[in-house]
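Let's take a walk through this structure together, one piece at a time. Have the coordinates open as you read.

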Amino acid sequence: MNVVLDNFDLVAKAFGYTIALFLVSAVLSLVLGTILVAFRVGPISVLSKAAAVYVTVVRNTPLVIIFLFFQLGAGKVFDALRFSWVDIHIGQFDFTSFFTAGVVSLTLYTSCFVCEALRSGVNAVPLGQAEAARAIGLPFAGVMRQVVLPQAVRASVPPLASTFIALLKNTSVAGVFGVIEAAAQMKSFTNDYASERWGIFLAFAIGYIILVEIVSLVATVLERRWRIA
Amino acid sequence: MRFIRTKAVVAGLGLALSLAACGDAGDDTEGAEVEVQEDAASEFEDGTRMKELADSGTVKIGVKYDQPGLGFKDAASDIPSGFDVEMAKVLAADLGIAEDEVEWIETISDNREPFLEDGTVDLVLASYSITDERRQVVGQAGPYLVTGQQLLVKEDSDVESTDDLSGQEVCSVTGSTSLENVKAEGMKPVGFDTYSECVEKVLDGTVQAMSTDGTILAGYAAQNEGELKVVGEEFSEENIGVGYSQDYPEMCQWIVDTITEAYDDGTYEEAFNATLGPSGVEVPELPEMDACE
């Protein structure tokens, strides 16, 4: 445990990267997932099929493969996909191509699950609601935005929470693709201080548990707030 | 409710990736001829681990599979090649075990101590730097090779030393001492799982350089001749040793004696020339090995 306490700045920075990966990917996959679900349940057959194909293909691909693709494959085909144009530095944190490729991989992967979680929420809204909204003259966007999605989001909070918890833990994959986040830092500690392996492992496990608990807590609060009395 | 059934074609994506992940396999270099000791078991005292291994007729040795020149195994060959592997053969031969009877096990930087502790491997020769922290959990005999960390850059790169890369991203492998040294030199470490992935990143220009032991880099430079080169002074000192389990402290002296013997009779030099020689590294003197407890 001493190693962890002595190098607490490194641990904090590593978890900082974990949190940054999580937050950026969470916001982006929420956006992309919402677009996907709108396509998926929308009236335009082409878009609906396209979204279904995307979800099926990407969801069925292991996350590591997606990471490998963006780290080692895509850049060879399209130069822009090397993400070497990303070069942002905030304080001690560097957000460069490795971070970006990580965010892109996590976002593309997680948005499928967000899409499906939201779709389960949409399915939970009785058909009559959408029909009533259409009957009062709302266009498709209005039906979605004002009637269906608010109810759908409420119903999809529990599955969304699971999805984001999975995302938080999935950020550890970035550890072997150039981002020194918590899992990579743990590896580096266990290698340098082999005798304290258990303490190091426990400390990082606790770190992840705390982060996951925070996500669950936010989900519980939202669930309570949006509950119909 | 309408269910859309879609046939996913993931195979195409996977295939593209597997192609991208493959590097060029190096030329097969024949290692030195190592004479296998006959009736080796009688050489050792009863109750020693060496006797047990010699009697059992096989030994499990952990080596790297992805470091050309040190420990490398391509899909086509059964036995890995490289200087570490040659040293492993020398040790095995002293136990009366031929190279095809050795059980070669891939170890990565991360799992060398756990593998030694739980007996997955009997010996580790995997560019294994001797450190005080590691000696607390495993035994390390040697060093049989001293190397230092250098930089591997593209052939047309202007980088000459670590100063040129101050504040820049430099690739190395997570869970190795290299990454810490990169940080200490003022460069920003970027960690990947294997060295070959770092080589890819240098080749495609995402990072300017990768850094680890010069001997490892020399192997990659030789493999990618005309594309990559090793530059800079050595900015760390890595003492490469043989890992063994602390349960069998008697192995230490045997390892030291066997390697010293191999140096004296020229096997060491032969092994070096066959493996690291082509990358232009001179055969070093055998470093003074640490005394065994």
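Predicted model: local features only at pLDDT ≥ 70, side-chain atom pairs only at ≥ 80, totals over all residues.

Residues are numbered from 1 along each chain as its sequence is written, and chains are lettered from A and ligands numbered from 1 in the order in which they are written.

Strand E1 (residues 60-63) and strand E5 (residues 123-129) of chain B pair in the parallel sense over two bridges; two strands pair if DSSP finds at least two bridges between them. Helices (H or I, at least four residues) and strands (E, at least two) are DSSP runs, numbered from the N terminus. An open sheet of five strands in chain B has the order E4-E1-E5-E12-E6, with mixed pairing. Strand E4 (103-106) and strand E6 (139-147) of chain B stand at the edges, each with a single partner strand, so one side of each lacks a neighbour in the sheet. Helix H3 (residues 83-94) of chain B lies across E1, E5 and E6 of chain B, and runs at about 145° to E5(B). Such angles run from 0 to 180 degrees between N-to-C directions, with axes being lines fitted to C-alpha atoms, for helices over the stretch in contact.

Now turn to chain A. The axes of helix H6 (residues 127-135) and helix H7 (residues 140-170) of chain A come within 10 Å and cross at roughly 160°. That makes H6(A) roughly antiparallel to H7(A), the word for angles over 145 degrees. A:Gln129, A:Ala130, A:Ala133 and A:Arg134 in H6(A) meet A:Val143, A:Val147, A:Val148 and A:Gln151 in H7(A).

Helix H8 (residues 182-192) of chain A is largely enclosed by the rest of the structure, because ten of its eleven residues are buried, meaning that 20 or more other C-beta atoms, placed from the backbone, lie within 10 Å of a residue's own. Among them are A:Met186 and A:Phe189. The cover over the buried residues of H8(A) includes H6 and E9 of chain B.

That brings us to the interface. The contact takes 33 residues from chain B and 33 residues from chain A, where two residues are in contact if their C-beta atoms, placed from the backbone, lie within 7 Å. H1(B) gives the most to the side of chain B that touches chain A, with six residues.

Definitions and conventions. Buried ≥ 20, exposed ≤ 12 C-beta atoms within 10 Å, placed from the backbone. Parallel < 35°, antiparallel > 145°, perpendicular 65-115°, else oblique.
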